[in-house]
Amino acid sequence: MTPPAAAAQAGAAPQASPSQTLSRGIRALEILAAAPGPLTIAELAEAMGVHRSVAYRILRTLEDHSLLVRDDAGRVQPGPGLAVLARGVSRNLQSAALPELTQLANSLDMTAFVAVWDHHDCITLVTVEPRHSGASVAQRPGTRHPINAGAPGIAIQSALTEPEWDRLDTGIPYRPEALEARRRGYSASHDEVIAGVSSLAAPVRVPGGRPAALAVVYIRSAQDPEAVGAAIAESAARIESQLA
C-alpha cells in the first residue's frame with residue numbers, strides 16, 4: 001500500500017478546504033444586497049442559518065472594512081466599501097459601455113444595461129435609465145436572473161456556436177433563439193424574466209473573457225423592435241472595438 005504522503009507527492013496536491021468564515025461573510029453580503037432594506041442582526045443571523053453571536057463577529061469584521069454599515073437603530077446594510085470593490089469589476093467593459101448605455105437610454109427612452117455571465121446566471125453590471133422618463137423599468141446593478149431566460153442570456157449564448165457552447169459543459173441547453181440571434185445580431189424576449197416586460201439584447205465579445213450582453217428593457221414602446229435591435233447591435237460593436 002502506498003503511504004498517504006507518497007500518494008500525495010505522486011498525484012495532484014489535495015484540494016484545500018474552503019473557509020467557512022469567509023463563505024459566511026460573503027453570504028452575509030449577498031443577503032444584505034438582496035434585502036429590500038436594512039436588517040437587524042437577528043434577521044441576518046436567521047437568514048444565514050447561524051447563531052446571532054456568529055453573525056455578530058462576521059459583521060464586525062465586514063464593518064471594519066466598510067463593507068457594511070449600521071444605522072442608528074443598529075440595523076445593517078451594504079456599505080460604501082462595496083462600491084469601491086464593484087468599481088474594479090470588468091472595469092474596461094464598464095468604461096467602454098457607459099457612453100453607449102447613456103446614448104441608448106436617452107434616445108430610445110428605455111433602461112439600458114450590460115449583463116455579464118456568472119455560472120448559470122446573468123448579472124447586471126452597470127445600468128442607465130432614461131433622463132426624462134418617469135415610467136422606465138428599473139434594472140439595478142447586481143440584479144440576477146437565470147442565463148437561460150431573457151434576451152441577455154440568449155445574446156450571450158449567441159456569441160458562441162452551439163458546439164462551442166456544448167464544449168463548455170454548462171449543463172444549460174443552447175436555446176434555438178440563439179441561432180436566430182446570431183443571424184440578426186440581437187435577441188428578443190418577452191415575459192421571460194419579469195411579467196409584462198420585454199427585452200432586446202446584443203452580445204458583447206470580451207477579449208480573453210466570457211461574452212457579455214448589451215440590453216434594454218421596456219414595458220411598451222412605439223418604436224420598431226428591429227430598429228431598436230439594430231441600434232443595440234451597433235452600440236455593442238462599438239464597445240467591442242473599444243475593448244479590442
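User: What does L98 count as at 40% relative accessibility, buried, partly exposed or exposed?
Analyst: This is a predicted model, in which local features need pLDDT of at least 70 and side-chain atom pairs count only at pLDDT 80 or more, whereas totals for chains, interfaces and linings use all residues. Residues are numbered from 1 along each chain as its sequence is written, and side-chain values use heavy atoms, with hydrogens and water left out. L98 lies in helix α6, where helices (H or I, at least four residues) and strands (E, at least two) are DSSP runs numbered from the N terminus. Buried means under 20% relative accessible area, exposed over 50% and partly exposed in between (1.4 Å probe, protein chains only), so L98, at 40%, counts as partly exposed.

User: Which residues does L98 touch, not counting those up to four places away in sequence?
Analyst: The C-alpha atoms of L98 and T127 are separated by 8.1 Å, although these residues are 29 apart along the chain. With contact taken as heavy atoms within 4.5 Å, and leaving out residues up to four places away in sequence, L98 touches V126 and V128.

User: Where in α6 does a kink lie?
Analyst: The helix has 18 residues and reaches 25 Å from its first C-alpha to its last, close to the 26 Å expected at 1.5 Å a residue, the expected span being 1.5 Å times one less than the number of residues. The bend at a residue is the angle between axes fitted to the seven residues ending there and the seven starting there. The kink in α6 is about 35 degrees and comes shortly before the proline P99, at A97.

User: With the side chains of which residues does the side chain of E100 make polar contacts?
Analyst: E100 is found in helix α6 and, at 14% relative accessibility, counts as buried. Beyond its neighbours within four places in sequence, E100 is in contact with S235, R238 and I239. A polar contact is a pair of N or O atoms within 3.5 Å, where within protein one must be able to donate a hydrogen and the other to accept it, and residues adjacent in sequence count only if both atoms are side-chain atoms. The side chain of E100 makes such a contact, at 2.9 Å, with the side chain of S235, and another, also at 2.9 Å, with that of R238.

User: How are the rings of W117 and W165 arranged?
Analyst: A search of the whole structure finds one aromatic pair, and both W117 and W165 are buried. Rings of Phe, Tyr and Trp (its six-membered ring) pair if their centres lie within 6.5 Å, with planes under 30 degrees apart counting as stacked, over 60 as edge-to-face and the rest as tilted. W117 lies in strand β3 and W165 in helix α8 (residues 162-167), so the pair ties together parts that are 48 residues apart in sequence. Because the ring centres are 5.0 Å apart and the planes at 20 degrees, the pair is stacked.
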